[in-house]
Amino acid sequence: MKHADERPYADPEAAARKLVELAASVEAVQDGRIYIERINAPFMFKLKGRGSEFGVGLKYAIEHGWLSKHESGTYVKLMPPGEDLLARK
């Protein structure tokens with residue numbers, strides 16, 4: 001018997017893919033910048049993700065070259081994909 005709901009973004013790869021999907025849906029501002037709150041807010045409030053899931057998802061996406069984060073932490077950029085990340089599930 002399960003007492004707790006399964007978290008869809010508990011898996012770092014699933015969270016990272018959702019963050020890339022969110023980033024791709026946001027119109028970037030100058031030089032391809034996507035302000036971090038433009039992906040954080042929908043992830044946390046619409047998708048009901050947790051802060052820890054956002055953090056590990058973002059780290060996973062950066063480590064795999066899907067996103068880059070500015071040293072200030074205020075924005076990310078989509079990196080050119082080596083494969084279609086949004087189509088693969």
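Which residues does A61 touch, not counting residues up to four places away in sequence? The contacts are A16, V20, W66 and L67. This is a predicted model.

**A61 and helix α3**

A61 lies in helix α3. Its relative accessible area is 0%; buried means under 20%, so A61 is buried. A61 and K18 are 43 residues apart along the chain. Their C-alpha atoms are separated by 9.8 Å.

How long should α3 be? The helix has 13 residues, and at 1.5 Å a residue they should span 18 Å. The end C-alpha atoms are 18 Å apart, which agrees.

An α-helix has 3.6 residues a turn, so residues three or four places apart point the same way.

Just after the helix comes G65, with a positive phi of about 75°.

**Helix α2**

Helix α2 covers residues 37-46. Its buried residues are I39, P42 and F43. Viewed down the axis of α2, they fall within an arc of 95°, so they too line one face of their helix. Their cover includes α1 (12-25), β1 (34-35), α3 (51-63) and β3 (75-78). After α2 comes K48, whose phi is positive, near 60°.

| Helix | Buried residues | Arc of buried residues |
|---|---|---|
| α2 | I39, P42, F43 | 95° |

**F43 and the aromatic rings**

Is F43 buried or exposed? At 0% relative accessibility, F43 counts as buried. Leaving out residues up to four places away in sequence, F43 touches Y9, A15, K18, L19, L22, K48, G49, R50, E53 and F54.

The model has 3 aromatic pairs. One of them joins Y9 and F43. The ring centres are 5.2 Å apart, and the planes make an angle of 50°. Why is the pair called tilted? Planes under 30 degrees apart count as stacked and those over 60 as edge-to-face, so 50° falls in the remaining class, tilted.

The pair links distant parts of the chain. Y9 sits in the segment before α1, while F43 is in helix α2, 34 residues away. Y9 has a relative accessible area of 11%, so this residue is buried under the 20% cut-off. Ring pairs also bring in F54: Y9, F43 and F54 form a cluster.

**The nonpolar core**

Which residues touch the most other members of the largest nonpolar core? They are I39, F43, F54 and L58, out of 19 residues in that core. Helices α1, α2 and α3 each supply at least two of the core residues. The largest share comes from α1, with 6 residues.

How values were computed: Residues are numbered from 1 along each chain as its sequence is written. This is a predicted model: local features need pLDDT of at least 70, side-chain atom pairs count only at pLDDT 80 or more; totals for chains, interfaces and linings use all residues. Side-chain values use heavy atoms; hydrogens and water are left out. Buried means under 20% relative accessible area, exposed over 50%, partly exposed in between (1.4 Å probe, protein chains only). Helices (H or I, at least four residues) and strands (E, at least two) are DSSP runs, numbered from the N terminus. The arc is that of the directions from the helix axis to the C-beta atoms. Contact means heavy atoms within 4.5 Å. The expected span of a helix is 1.5 Å times one less than its number of residues. Rings of Phe, Tyr and Trp (its six-membered ring) pair if their centres lie within 6.5 Å; planes under 30 degrees apart count as stacked, over 60 as edge-to-face and the rest as tilted. A nonpolar core is a set of buried Ala, Val, Leu, Ile, Met, Phe, Trp, Tyr and Cys residues joined through side-chain atoms within 4.5 Å.
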